[in-house]
Amino acid sequence: MSQGLPEAAVAALNKIGLNYSFVLAADERASFIHGMLVTLELSVVTAFFSLIAGVLLAAMLTSPRAALARPARIFVEITRNTPTLVQLFCAFLVLNMLLSQALRELGGNPLTPFIWSVIVIALHKGAFHAEALRAGIEAVPRATLEAAQSLGYSRRQRLWELQLPLALRFALPTLVNNMVDLVKMTTIASAIAVGDVTYASIMIWTQRDNVLELMILILLFFGALTFVINRAGRWLETRLRMPGYGH
Amino acid sequence: MSEHFTRNKLKQNSHRLWHSALGRVVVVLATAFGASAAHADSTLDRIHERHQLVVGVILSGPPFGSLNPATQKPVGFNVDLAENLAKRLGVDIQMIPVQPSNRVQFLQQGKVDALIANMEVTTERAEILAYPPTPFEQIGGALITRKDSGIKTWNDLRGKAVCVSQGSNYAKPLAEQYGAQVKAFRGQPESLLALRGNNCAAAVHVAPTLRLLVARNPDWQDYSIPESNDLIPSPSVIWVRKGETDTQNAFEKIVEDWHRSGWLIDIERKNGMQPSQAVLDLHAKFKAQSA
């Protein structure tokens with residue numbers, strides 16, 4: 001066990017000028033692995049809430065009631081048209097500060113940087129999901145809707161049992177695209193000290209100045225992650241394919 | 001059938017792309033190494049040849065470096081040092097703003113000849129870069145906290161959230177020595193905003209910057225620097241590429257002269273800094289040598 005595989009690999013990489021010696025330091029390796037887990041956790045949680053936000057917003061956007069459609073439209077435009085990093089700083093440094101001050105007597109502010117990142121990224125991507133789903137909802141043929149109406153489907157039933165399932169199939173490629181983007185977007189959470197893989201890398205290269213080496217690792221990690229999403233998306237597409245509808 | 005065909009073709013294409021990308025990375029790496037080996041120490045010659053010294057400076061805020069809002073020109077301690085370095089070499093100065101995350105790459109890739117970038121000596125850095133042995137300052141970290149926070153010394157930070165900026169070398173001692181929960185934000189402004197937003201009990205940054213902030217900025221009147229001992233006071237030096245002894249020696253002479261003439265002390269006071277005991281000692285030492 002004197003010269004294990006990791007040691008040999010690090011030595012070999014060192015010969016071509018890449019300094020990966022942090023892998024051999026237990027605490028730094030642990031913090032990098034922890035960072036990867038946090039990125040996964042952040043991606044999964046954010047993806048889940050972004051879909052909920054997307055479906056709700058899409059339902060509101062396509063509603064015939066202006067009281068629902070107008071606020072949803074305003075929200076989508078504002079979130080979609082401003083940079084996410086600015087939104088995150090605004091939410092965390094401004095809203096969170098005001099909230100902390102207001103809640104000081106009530107035992108403090110329960111919202112952590114992680115939760116703020118989930119809120120901001122999920123709502124931001126939710127707006128994009130909503131637009132993709134809206135395109136799908138509006139692509140459902142009128143004749144199909146009228147058929148459903150004649151069978152006695154209420155508006156809510158039509159939305160949940162007809163429009164959304166069909167819209168999902170239309171919107172799936174765009175939704176997968178959004179998901180890939182969402183995973184990459186989680187890196188901005190590092191700006192407010194959420195310990196994701198980018199943050200862990202920054203903390204390591206601060207000590208070792210091995211920026212290039214860690215950048216390569218981050219690229220490979222996100223490459224693998226988005227590849228998995230891409231595959232899952234393709235699988236869903238074939239899985240949900242309806243003969244005679246669209247494809 | 002046709003779908004299968006295109007997918008295979010796509011796969012082939014992506015394979016080819018991946019290979020050519022890999023090839024390019026190898027070429028880039030090879031040139032980087034070749035280059036660093038080739039100009040073992042032609043830097044000083046090249047500085048004189050093109051009659052210009054290129055220095056990477058950090059403009060993260062006063063007193064070290066910032067942009068003058070009226071003229072959009074860089075001003076501050078780092079800037080004054082870089083300008084004087086060029087002046088004493090008899091060449092023009094070009095300053096390139098760098099960040100803690102990219103400064104080493106700028107130097108290694110030859111985009112700058114030297115770094116005056118708030119970069120203190122550490123063993124890890126000394127392995128990959130070189131510096132003239134005489135430091136121009138000794139700089140440590142100070143902690144800023146609300147006056148009513150109850151934090152008086154470094155030891156009071158145990159278990160508390162402490163804001164720093166990403167790339168700060170105070171993160172490690174704060175976590176390991178004092179058991180603080182370190183939160184690193186993108187930069188110093190974000191970290192200080194997070195402190196004001198109560199996201200951390202204290203913030204730790206380079207001492208001269210915080211002292212200036214507390215002394216001059218009325219927005220910070222509820223905050224103080226209770227601990228007078230700085231965290232890991234370390235020598236600040238001019239960084240050059242490894243093995244460039246000519247450049248290193250030329251800079252060393254200039255730095256010694258900065259100390260001997262007292263110019264350094266004047267320039268620190270001009271920028272609102274308090275010269276450290278180390279600088280006062282070096283001034284006395286070099287003055288005694290020349291006498």
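In chain B, strand S1 (residues 52-57) and S5(B) pair in the parallel sense over three bridges, where pairing takes at least two DSSP bridges between two strands. Helices (H or I, at least four residues) and strands (E, at least two) are DSSP runs, numbered from the N terminus. Bear in mind that this is a predicted model: local features need pLDDT of at least 70, side-chain atom pairs count only at pLDDT 80 or more, and totals for chains, interfaces and linings use all residues. Residues are numbered from 1 along each chain as its sequence is written, while chains are lettered from A and ligands numbered from 1 in the order in which they are written.

**The parallel sheet in chain B**

- S1(B) also pairs with S4(B), again in parallel, through six bridges.
- Put together, that gives an open three-stranded sheet in the order S4-S1-S5 (chain B), with parallel pairing.
- Strand S4 (92-97) and strand S5 (114-116) of chain B sit at the edges with a single partner strand each, so one side of each has no neighbour in the sheet.
- From one strand to the next, the twist averages 35 degrees; axes here are lines fitted to C-alpha atoms (for helices over the stretch in contact), with angles running from 0 to 180 degrees between N-to-C directions.
- For specific bridges on the S5(B) side, Gly56(B) partners Leu115(B), and Val55(B) stands opposite Ala114(B).
- On the S4(B) side, Leu53(B) has Ile93(B) as its bridge partner.
- S1(B) is largely enclosed by the rest of the structure, because five of its six residues are buried; buried takes 20 or more other C-beta atoms within 10 Å of a residue's own, exposed 12 or fewer, and partly exposed is in between, with C-beta atoms placed from the backbone.
- Helix H3 (residues 77-89) of chain B lies across S1, S4 and S5 of chain B and runs at about 165 degrees to S1(B).

**Chain B overall: domains and cores**

- Chain B carries eleven helices and 13 strands, and 38% of its 291 residues are buried.
- Take the contacts in chain B between residues at least 6 apart in sequence: 68% of them join residues at least 24 apart. A contact means C-beta atoms, placed from the backbone, within 7 Å.
- Twelve residues from domain 1 of chain B and eight residues from domain 2 of chain B make up the contact.
- The largest nonpolar core has 82 residues, and Val162(B), Ala202(B) and Ala203(B) touch the most other members. Such a core is a set of buried Ala, Val, Leu, Ile, Met, Phe, Trp, Tyr and Cys residues joined through C-beta atoms within 7 Å.
- Helix H5 (residues 113-138) of chain A is the top contributor to this core, with twelve residues.
- A second, separate core holds 40 residues, Ala86(B), Ala117(B), Phe251(B) and Val279(B) among them.

**Where chain B meets chain A**

- On this interface, 24 residues of chain B are in contact with 15 residues of chain A.
- H7(B) gives the most to the chain B side, with four residues.

- As background, most residues other than glycine have a negative phi, and most peptide bonds are trans.
- The Pro62(B) to Pro63(B) peptide bond is cis, with omega near 5 degrees, and Pro63(B) is in the loop between S1 and strand S2 (66-67) of chain B.
- Gln72(B) has a positive phi of about 60 degrees although it is not a glycine. Gln72(B) is in the loop between S2 and strand S3 (74-75) of chain B, and counts as exposed because it has 7 C-beta neighbours inside 10 Å.
- Ala193(A) is another non-glycine with a positive phi, near 65 degrees. Ala193(A) lies in the loop between helix H7 (155-185) and helix H8 (197-208) of chain A, and its 26 C-beta neighbours inside 10 Å make it buried.

Note on methods:
Two residues are in contact if their C-beta atoms, placed from the backbone, lie within 7 Å.
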